[in-house]
Every structure is written in C-alpha cells, then in structure tokens.
Amino acid sequence: MSVRIRTPYPYLAGLTVPLGAAAGLTTALTSAHRGSDEWVIWSCAAVALTAASGAAFVHGLRRWAELAALGDVPLPAVVWPLVVLYVISGAVLAVALRGDLVGAWRALVLISLAALGLAPGAATIVGVGHVASTHADTAPTPLGLQFGTLVTASRLLQSLLTVMGGIVALLVIAEATSQRMTKHTNIETTLVFGASSSALVAIVYAPVAAKLRQRGRELVDLCHPLGTLAPDELAEALDKRSRLETTLGVDRTAFSDFQTNVVVVGPLLAGAASAFLSR
C-alpha cells in the first residue's frame with residue numbers, strides 16, 4: 001500500500017506564473033522601443049524572468065514547508081537577516097542608479113519581482129542555516145534523526161541554490177538586453193551587475209553550506225571517533241567515516257564543488273556573455 005504525500009500549495013504555481021508573465025509583458029509593452037528587434041529580445045527576457053520568479057516563489061514556499069517539517073524555525077531568526085540583506089541591496093541599487101530612478105522604473109519593477117520571487121527561497125536557506133547551527137553533541141534528538149535532518153537540509157539547499165542562480169542569471173540577461181535596446185550598452189556596467197548578483201547569491205549560500213558541513217563533521221566524529229581505536233581497527237573505521245562523509249557531503253573539495261560554483265557564478269558568466277554579444 002503506497003502512501004500519497006500531499007504537495008504543499010498544489011495549485012499556486014498556476015496563479016503566480018501567469019501573473020508574473022503578465023506583469024513582465026505589461027512592463028515591456030510600456031517601452032518606447034516597442035516593436036524593434038531589440039525590444040523583442042528584451043521583452044522575451046523580461047517575461048521569462050517574471051514568469052520564472054512566479055515559479056520560484058512557489059518553489060520556495062514548498063521548500064519552506066519541508067523545512068518546517070524538520071523542526072521549529074523562529075521567524076525572527078529568518079526575517080531579520082533577510083531584511084538587512086534586502087535593505088542594503090536596495091540602498092546600493094539606489095546609489096548606483098543615482099537620480100535616474102524614474103527613468104529606470106522598468107528595471108526596478110523587474111528587480112523587485114525577482115526579489116519577491118526569491119524571498120521564500122532565501123528565507124528557507126536562512127532557516128536551513130538555523131537548523132544547522134545546533135551542535136550535534138548538544139542536540140536533543142537521536143543521531144539517526146540528526147542524520148536524516150542534515151541530508152534533507154542539504155537537499156533543500158542545493159535545490160534552492162539552483163533556482164536562485166537561474167533567476168539571477170535571467171535578471172542579468174534582461175539588464176544586458178535592456179542596455180542594448182536603449183543603445184546605452186556599457187560592458188563594465190553589465191559585468192559589475194553580474195558580479196554583484198553573483199556576490200549576493202554567494203552571501204546567502206556560502207555561510208549556510210559551511211554550517212551544514214561543520215554539523216556533518218560533528219556527526220561523523222560522534223558516530224565514528226578515532227581516538228580510542230586500536231591500530232588494527234583504524235582502517236575499517238576510516239572507511240566508515242569516508243562513506244558517511246560522502247553521504248553528508250562534508251568531504252567536498254574546491255574541485256568537487258565546481259558544479260555548485262558554476263551556479264553561483266552563473267549570473268556573472270551570463271553578464272559577460274551578454275556584454276560581449278552586444279558589441
């Protein structure tokens with residue numbers, strides 16, 4: 001007999017994706033460059049971005065529901081870091097635009113929709129960091145349950161990182177095609193925008209990933225301590241530790257993290273490609 005697991009928010013994506021696409025199309029239709037070849041390219045990027053942001057919003061809510069099933073995550077521990085990050089990012093953006101906020105309102109709309117779409121996912125990532133912040137030797141739950149929680153948290157983090165990198169890459173492409181449409185192509189601006197977007201993704205992801213790996217190392221040390229073993233027992237213990245570290249992902253090196261790094265620097269690569277293609 002199979003057990004059917006109910007997916008949280010089963011029909012919400014059917015609402016947020018069309019709404020996002022409609023918002024992007026409406027924004028694109030207000031452009032004075034409507035009808036040009038460059039406008040067609042930019043409008044496609046804008047609609048793709050806003051529709052994907054709608055899908056990312058639901059994806060983030062579903063991942064939050066999975067995280068909440070692992071244990072209680074206090075809202076203040078999640079809300080305040082996000083508020084600080086969003087406020088600082090908004091202030092930097094306002095300074096970068098300097099006096100051109102009215103003229104750049106379409107870009108601000110797209111950025112705001114992308115930020116809204118990423119908010120539940122970013123909150124879940126911060127929540128994963130909170131879950132991983134408890135030391136393994138002081139956690140009240142059994143080791144087996146801690147392992148299950150850590151594996152689930154790692155899966156959530158990787159899933160959200162992929163979505164976040166994709167959305168920010170679309171945002172960079174939309175910005176680059178917008179510059180080409182308005183004949184104000186600036187390679188330096190596009191690269192800086194891509195680098196800044198990559199930095200934001202890394203700022204959210206890297207500390208949480210480090211906490212998960214540290215928590216995993218603590219669990220491995222608790223399950224397979226080496227200090228009291230006889231020399232002839234070390235080989236078997238090291239083999240068990242190695243398998244456990246692989247399962248938890250705590251044995252990753254810079255090379256093995258290449259795929260993750262590609263997602264993190266994806267917006268920067270997209271910015272570079274868009275900049276050089278627009279020459």
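**Reading burial, contacts and charge in a helical model**

User: Glycine 249 counts as buried, at a relative accessible area of 6%. What does buried mean here?

Analyst: Buried stands for under 20% relative accessible area, exposed for over 50%, and partly exposed for values in between, with a 1.4 Å probe and protein chains only. This is a predicted model, in which local features need pLDDT of at least 70 and side-chain atom pairs count only at pLDDT 80 or more, whereas totals for chains, interfaces and linings use all residues. Residues are numbered from 1 along each chain as its sequence is written, and side-chain values use heavy atoms, with hydrogens and water left out. Glycine 249 sits in the loop between α7 (234–248) and α8 (258–264). Its C-alpha atom is 8.8 Å from that of leucine 212, a residue 37 positions away along the chain.

User: Which secondary structure does the protein chain contain?

Analyst: Helices are DSSP runs of H or I with at least four residues, strands are runs of E with at least two, and both are numbered from the N terminus. By this rule the protein chain has nine helices and zero strands, in the order α-α-α-α-α-α-α-α-α.

User: Which residues form a nonpolar patch on the surface?

Analyst: A patch gathers residues with over 30% relative accessible area and no salt bridge; nonpolar side chains (Val, Leu, Ile, Met, Phe, Trp, Tyr) are joined within 5 Å, and like charges within 9 Å. Here the nonpolar patch consists of Leu75, Val79, Trp80, Val83 and Val87, with about 490 Å² of accessible area together. Tryptophan 80 belongs to helix α3 (residues 75–97) and is exposed, at 57% relative accessible area.

User: How many salt bridges does the whole structure hold?

Analyst: Side chains of opposite charge can pair when their charged atoms come close. A salt bridge is a side-chain nitrogen of Lys or Arg within 4 Å of a carboxyl oxygen of Asp or Glu. The search finds two, and Arg63, Glu66 and Arg155 are linked in a network. Between arginine 63 and glutamate 66 the closest N and O atoms are 2.7 Å apart; these residues are three apart in helix α2 (residues 37–70), and are therefore separated by about one helical turn. Arginine 155 pairs with glutamate 66 at 3.0 Å between the closest N and O atoms. Arginine 155 lies in helix α5 (residues 143–181) and glutamate 66 in helix α2, so this pair ties together parts 89 residues apart in sequence.

User: What does the side chain of arginine 215 contact?

Analyst: Lys and Arg count as positive, Asp and Glu as negative, and His and the chain ends are not counted. Arginine 215, in helix α6 (residues 187–223), is buried yet has no salt bridge; glutamate 218, the nearest side chain of opposite charge, is 5.0 Å away. A polar contact is a pair of N or O atoms within 3.5 Å; within protein, one must be able to donate a hydrogen and the other to accept it, and residues adjacent in sequence count only if both atoms are side-chain atoms. The side chain of arginine 215 makes such a contact with that of glutamine 146, at 3.1 Å. Glutamine 146 is in helix α5 and is buried, with a relative accessible area of 2%.

Technical notes:
Accessible areas come from the Shrake-Rupley method with a 1.4 Å probe; for residues, only the protein chains shown count as cover.
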